[in-house]
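Subject: Structure handover, salt bridges

Hi,

Here is the structure for you to open. My notes on its charged pairs follow below.

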Amino acid sequence: MAVSVLQRDVIDDSKNHELASSLIALEDQYGAHNYKPLDVVVHRASGVWIYDVEGRRYLDFLAAYSAVNQGHCHPRILAAMLEQAQRVTLTSRAFRNDQLPLFCKELSELTGQEMVLPMNSGAEAVESTLKVARKWGHKVKGIPEGKAEIIVCANNFHGRTISIISFSTEPQYRDGFGPFLPGFKVIPFGDAAALREAITPNTAAFLVEPVQGEAGIILPPDGYLRESAAICRENNVLFIADEIQSGLGRTGKLFACQHEDVTPDVMIVGKALAGGFYPVSAVLASRKILGVLNPGDHGSTFGGNPMACAVARAAMRVIVEEKLSERSAEMGALLLDRVRQIRSPQIREVRGRGLWVAVELNGPARPVCEALMREGLLCKETHDNVIRLAPPLTIEREDLLWACDRIKAVLEAR
Ligand SMILES: *Cc1c(COP(=O)(O)O)cnc(C)c1O
């Protein structure tokens, strides 16, 4: 069975249910089971639409956790990738390349931050940030060596490495993975007074998501980011915003911190930075902060490679030139309004900002996501009882309204 699947050519209009089942069986047999995906086997995607191996079409309402804000296989990003792939893909940082300088300059101009440290995955950029914050604390702020503390928020999500899960408050993310890394202090999210109290002379940084995405799109109280940034400034503590999911247009501004006119000392970006074509992340900060890194202090074989930089440059241009932040604000208001009109005893709360809307239910969200899939809409629960609605920011009004009708039908039938 497995061999016949591998030998068969997958073609666009394949209506092969057997193929889908065989591929699911193969993945379950040979792949580690660290995810529980919906049983849709994707064959191709374009814009907001995803097609499975059986030829069925779905509207994507997850956008790869906001990594494809620009829509799937965006033609301008694809062109940049193909062009670059024919010239040079990887040099390592042992040599310079002709894309990295332009990527750094353009990302710096986009974010208003002076310097860029290019990495690959989001977790890697967070790891790099923790190293920079600790080194800044020890070498610039004057914290005794090995004593630097970093304050984080309860229900955070910053990735899956050992150091990052060391300060996770989600038991499953930690279970069995200890021993953990010391040097972190957890405070409640949205509570500026708790931040003030937690700071000691050894505090190097405060790391926060401006909107807690994985926790269920939790918005902080108005003024929280501004007040936290001010408290950090008063205490010579770095204010670090993890904008990996909230940034690059998702909340209706280019960055979620801009809703409160806050410029973080350090900003972390990833996901949509390369429009889903490539893993590209970056740490952004002033020269005073990123300047603590000297040759040999930190590195990555793939970080800043010419392929990543060319793709990210195109992906950034698409966000700006197609006004995706503005679209997110406009379409997001429509989505929020429509979903709030749904009457169902299942719904506990609807909240969101931009094209990032959470529907918190009184019961499990998984069966609702499965029902939506049967209606042609792909989204994924976060935690047990929250449905996250986050389509590509390129979504057209009529497609959005079509989706709202499906969501209404599924929720009102329950
Ligand atoms: C996704 C995410 C990460 C981790 O990114 P990976 O690319 O999956 O390692 C970190 N922080 C936030 C806020 C995220 O949403």
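A salt bridge here means a side-chain nitrogen of Lys or Arg within 4 Å of a carboxyl oxygen of Asp or Glu. The structure holds 20 of them.

Before the details, some ground rules. This is a predicted model, where local features need pLDDT of at least 70, side-chain atom pairs count only at pLDDT 80 or more, and totals for chains, interfaces and linings use all residues. Residues are numbered from 1 along each chain as its sequence is written, and side-chain values use heavy atoms, with hydrogens and water left out.

On accessibility: buried is under 20% relative accessible area, exposed is over 50%, and partly exposed lies in between (1.4 Å probe, protein chains only). Helices are DSSP runs (H or I, at least four residues), numbered from the N terminus.

- Arg56 and Glu54. Their closest N and O atoms are 3.1 Å apart. Arg56 is partly exposed at 43%. Glu54 is buried at 12%.
- Arg366 and Glu370. The closest N and O atoms are 3.0 Å apart. Both residues sit in helix H14 (residues 366–374), 4 residues apart, about one turn of the helix. Arg366 is buried at 15%. Glu370 is partly exposed at 28%.
- Lys408 and Glu412. This salt bridge spans 3.3 Å, N to O. Both residues lie in helix H15 (residues 397–412), again 4 residues apart, about one turn. Lys408 is partly exposed at 35%, and Glu412 is partly exposed at 36%.

There is also a network. Salt bridges with shared partners link Arg348, Glu349, Arg351 and Glu360.

Best wishes

Conventions: Helix = DSSP H or I, 4+ residues; strand = E, 2+ residues; numbered from the N terminus.
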